[in-house]
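Dear colleague,

Please find below the structure that I am handing over to you. A summary of the findings follows it.

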Amino acid sequence: MKALKVRAKPTWHVEPTPDGIRLTLPYPPSINAYWKPWRNRLVKTSEAKAYTQKVGGVCLVNKVRKYKGELQLSVDLYRPRKIGDIDGPLKCLLDSLQGFLYKNDSQIAVLFVVRFDDKENPRAEVLAQPIWKPENHVD
């Protein structure tokens with residue numbers, strides 16, 4: 001008899017750290033699933049919109065406050081399959097955090113990204129830290 005694999009539901013959460021905040025989020029759609037042509041222009045797909053809503057929900061439930069000023073982000077991407085570029089999912093992830101973690105993704109001054117494989121629990125772990133300047137306090 002075959003043993004059944006029990007797949008734990010992913011837990012998406014936010015935890016404060018001494019010098020920033022760590023978010024564990026769903027794995028983002030790739031750039032290929034982010035845009036679609038519509039009436040001679042590009043618009044976000046329903047998959048991209050749904051991802052932004054999930055990220056927004058996690059941020060709102062956990063009362064994430066927007067940072068002012070420049071940020072350093074460290075992103076660990078745990079992809080579901082061994083395919084795709086490391087930068088493909090970043091556009092959707094960074095755009096989805098806009099308005100929740102920061103006002104605009106132009107605030108990201110330093111970005112570290114590391115790719116891992118985890119087909120059982122694909123996710124994005126983001127550590128956001130302000131680049132210290134007196135004006136970079138939280139709203």
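What covers the buried residues of helix α2 includes β2 (20–26), α1 (46–61), β5 (71–79), β6 (108–117) and β7 (123–130). Here helices (H or I, at least four residues) and strands (E, at least two) are DSSP runs, numbered from the N terminus; buried means under 20% relative accessible area, exposed over 50% and partly exposed in between, with a 1.4 Å probe and protein chains only; and contact means heavy atoms within 4.5 Å.

Please note that this is a predicted model, in which local features need pLDDT of at least 70 and side-chain atom pairs count only at pLDDT 80 or more, while totals for chains, interfaces and linings use all residues. Residues are numbered from 1 along each chain as its sequence is written, and side-chain values use heavy atoms, with hydrogens and water left out.

Helix α2 spans residues 90–97, and seven of its eight residues are buried. They are Leu90, Cys92, Leu93, Leu94, Asp95, Ser96 and Leu97. After the helix comes Gly99, which has a positive phi, near 95 degrees.

Leu93 and Leu97 also belong to the largest nonpolar core, which has 27 residues; with Leu23, Leu25, Leu73 and Leu101, they have the most contacts inside it. At least two residues of this core come from each of β2, α1, β5, α2 and β7. Such a core is a set of buried Ala, Val, Leu, Ile, Met, Phe, Trp, Tyr and Cys residues joined through side-chain atoms within 4.5 Å. In soluble globular proteins, nonpolar side chains tend to be buried together.

The sheet is open and mixed in its pairing, with five strands in the order β1-β2-β7-β5-β6. Its edge strands, β1 (13–17) and β6, each pair on one side only. Two strands pair if DSSP finds at least two bridges between them.

β5 and β6 are parallel and share nine bridges; Leu73 has Leu111 as its bridge partner in β6. From β5 the chain passes through α2 to β6 in a right-handed β-α-β crossover, meaning that, with the strands pointing away from the viewer, the path from the first strand over the helix to the second runs clockwise.

β2 and β7, by contrast, run antiparallel and are joined by six bridges. Leu25 stands opposite Ala124 in β7. Not counting residues up to four places away in sequence, Leu25 touches Trp12, Tyr51, Val55, Val58, Leu93, Leu97, Arg123, Ala124 and Val126.

Yours sincerely
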